[in-house]
Amino acid sequence: MLVPACHRIHGFVQHYLHDDAVTLDVNGTVITPAHYNYNGRNYVEIQTRVGLNAETAYGTLLAALPSIWTASHRGDGLASVMMRCATAGSQDYLTVFPNQMPQHSAVIDGALLFDPRKPGHNPNNPNTFEFAQNLPLMRLWHLCQPVGGKLNYADMYLPDWINAANVADQNVTNRAGGIEKRYPGGFWFRANNDPVQVGRLMDEAAELVVFERPDGLIGVHAGEYVEPDIRLTANDIIRCTHDVNQRRSSTVLAVRGRFTDPANRYNTVDAAIYGDPYAGEDTERTATVDNQAVQSHNHVARLQKLKYVRRNAPRVTIVAHYEPAKNVPYRRFVRLHLPPRLTEVVVEITSTPKLSLKGLTIEFSGIVVPANIYAFNAATEEGAPGSSVMPLPPTGVPAPENFDITIQTEVVSGGATAAFGLATWDFVSDALIYEIEWQPTSEIEPPRSVTSKPSETQVRSGYLSDGVQYRFRLRAWSNGASSEWTDYTIRTATADPTGPGVVTGADLTGGAGQVQFDWTAPNSPNYFAARLYLNTSNTTVGATLVATEYGAAAANDARIVTGLAANTYYGFIVAINPSGVAAAPVATGSAIVT
């Protein structure tokens with residue numbers, strides 16, 4: 001049992017076992033990659049629950065562990081995964097589980113979010129919430145959760161959050177000409193992660209600035225430019241510090257980016273660099289946007305440009321009279337007019353404004369930015385990301401190449417000759433050893449096998465029964481895992497490949513419904529028997545084997561064959577050795593059967 005989320009989720013998108021994206025059938029059985037369904041047996045099963053208020057217990061666990069797992073073990077409110085792995089045999093274990101016990105992970109459509117734009121969403125009823133990839137809605141959810149800000153939705157100034165969600169859902173054009181949302185994303189975190197750091201991650205990804213309004217509610221500045229409604233002039237400003245910010249130690253020549261790429265199995269990848277890291281200098285001066293909540297290259301490229309502009313922007317610190325600047329703490333952009341150096345410039349506030357009751361002043365710091373700070377031309381500014389290294393699917397142990405089997409013989413004790421099979425194949429790697437298996441095609445014996453040594457390209461079977469037809473196949477092994485078997489190769493065992501001499505004195509005599517063969521066996525040590533054939537024409541083509549007569553070498557022999565229809569017959573006698581290797585046929589002449 002695994003619990004990927006301690007709350008209800010929308011659903012599971014993709015399951016992984018180690019780095020393998022797996023496919024499930026309707027019963028939750030893993031059917032691909034194929035090694036989890038080896039030889040027709042299903043070894044891994046995955047079932048899921050999304051975390052309803054009243055969940056359903058896993059039937060597989062109830063059946064397997066009835067004494068300790070009951071229908072009350074439901075996991076209410078917990079998104080869970082049940083993975084069952086069957087044990088594979090020792091020979092097949094590393095073929096089925098090449099990376100040992102499967103480690104499960106999954107891509108999920110996570111928490112259901114409150115969207116104040118939708119009338120059907122009730123902040124007091126989480127069952128009315130829906131899944132969304134809108135980062136401001138995630139930030140709103142986080143602020144109102146025990147793992148986040150521990151606030152209530154009643155503490156939020158919802159018009160601000162509605163605007164931020166609308167800005168995040170605006171369409172933008174990427175470098176390929178496609179349309180995507182301005183601030184989508186997704187990520188996960190643990191309940192014991194620092195909520196400030198988690199919130200900062202979402203704020204950076206969606207360009208949010210969360211603040212407390214004068215009425216005590218929590219508002220948010222959306223990731224967009226808003227024309228300032230506060231204009232401070234020389235009469236309003238007590239002190240202004242202006243830093244043109246042209247020092248090498250504080251400016252950058254380029255900004256790098258890292259984001260989570262769904263196309264790369266949700267791994268973190270590098271984005272195209274915005275700017276020139278060297279720009280004619282011999283020292284690289286760069287900053288980095290590294291945000292795992294960002295899941296789009298266009299998105300991270302826009303954040304890179306913003307960071308580039310802000311790092312190189314002039315900086316100001318302003319001390320102003322309270323009355324004209326009293327609303328500065330609730331703004332993101334203000335306008336300054338201090339000619340000749342700061343003429344109608346836009347300042348983005350970068351620090352929390354400070355109120356001095358002693359002097360009734362407001363002090364704040366910011367950077368001078370262009371009014372089109374959020375403008376972005378994807379065709380010229382986004383750049384192309386580098387190629388990601390995609391893990392190759394496991395191919396397992398390679399199958400043997402150019403497998404062949406030949407029947408060979410050798411003399412054993414007592415001078416007898418025995419047959420064996422010699423398997424050969426192409427060399428691939430010293431890391432491979434090969435196993436040959438053989439069995440009579442009649443299956444009157446169980447399969448037997450023998451294994452080669454490393455770097456060998458041949459291996460022999462055990463001794464084979466003379467004259468028996470066998471089937472042979474080969475597979476490779478490496479580190480306890482095997483390849484698939486080759487197709488069967490059929491061979492007949494022949495201990496003695498040399499035929500005996502031919503018979504002599506061959507004769508055929510007819511009679512009533514029968515004929516008699518007479519012959520003298522050859523004086524060959526390996527003579528074993530004679531095969532007797534009959535035909536109605538004087539040719540071996542189409543002749544029928546009517547008997548096999550066993551006897552000694554150089555002996556006079558005869559055999560009567562009965563049950564023949566009346567006709568003229570021609571006989572042929574073929575001497576064979578114990579392996580069934582034949583000598584040339586010898587004609588007996590004709591005989592008349594009455």
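Guide: β31 and strand β32 (residues 514–520) are paired in the antiparallel sense over five bridges. Two strands count as paired if DSSP finds at least two bridges between them. Helices (H or I, at least four residues) and strands (E, at least two) are DSSP runs, numbered from the N terminus. Thr504 stands opposite Thr520 in β32. This is a predicted model, in which local features need pLDDT of at least 70 and side-chain atom pairs count only at pLDDT 80 or more, while totals for chains, interfaces and linings use all residues. Residues are numbered from 1 along each chain as its sequence is written, and side-chain values use heavy atoms, with hydrogens and water left out.

These two strands belong to an open sheet of three strands, ordered β31-β32-β35, with antiparallel pairing. β31 (504–510) and β35 (556–562) are at the edges with a single partner strand each, so one side of each has no neighbour in the sheet. From one strand to the next, the twist averages 15 degrees. Axes here are lines fitted to C-alpha atoms, for helices over the stretch in contact, and angles run from 0 to 180 degrees between N-to-C directions. In general, strands of a sheet pair through backbone hydrogen bonds, either parallel or antiparallel.

Another open sheet has four strands in the order β4-β3-β2-β7, with antiparallel pairing. Its edge strands are β4 and β7, each of which pairs on one side only. Neighbouring strands in this sheet are turned by 45 degrees against each other on average, direction ignored. Strand β2 (residues 9–17) and β7 pair in the antiparallel sense over seven bridges, and Gln14 stands opposite Val107 in β7.

Next, the aromatic rings. A search of the whole structure finds twelve aromatic pairs. Rings of Phe, Tyr and Trp (its six-membered ring) pair if their centres lie within 6.5 Å; planes under 30 degrees apart count as stacked, over 60 as edge-to-face and the rest as tilted. The rings of Tyr36 and Phe97 have centres 6.3 Å apart and planes at 50 degrees, so this pair is tilted. Tyr36 lies in the loop between β4 (30–32) and β5 (44–49), and Phe97 in the loop between α2 (93–96) and β7 (104–111), so the pair ties together parts that are 61 residues apart in sequence. Tyr36 is buried, at a relative accessible area of 1%, and Phe97 is buried at 4%. Buried means under 20% relative accessible area, exposed over 50%, and partly exposed in between (1.4 Å probe, protein chains only).

Phe97 also pairs with Tyr43: their ring centres are 6.2 Å apart and the planes are at 85 degrees, so the pair is edge-to-face. It links distant parts of the chain, with Tyr43 in the loop between β4 and β5 and Phe97 in the loop between α2 and β7, 54 residues apart. Both Tyr43 and Phe97 are buried. Ring pairs link Tyr36, Tyr43, Tyr93 and Phe97 into a cluster.

Asp155 sits in the loop between α3 (135–143) and α4 (158–168) and is partly exposed, with a relative accessible area of 28%. Asp155 and Leu143 are twelve residues apart in sequence and 9.7 Å apart in space, C-alpha to C-alpha.
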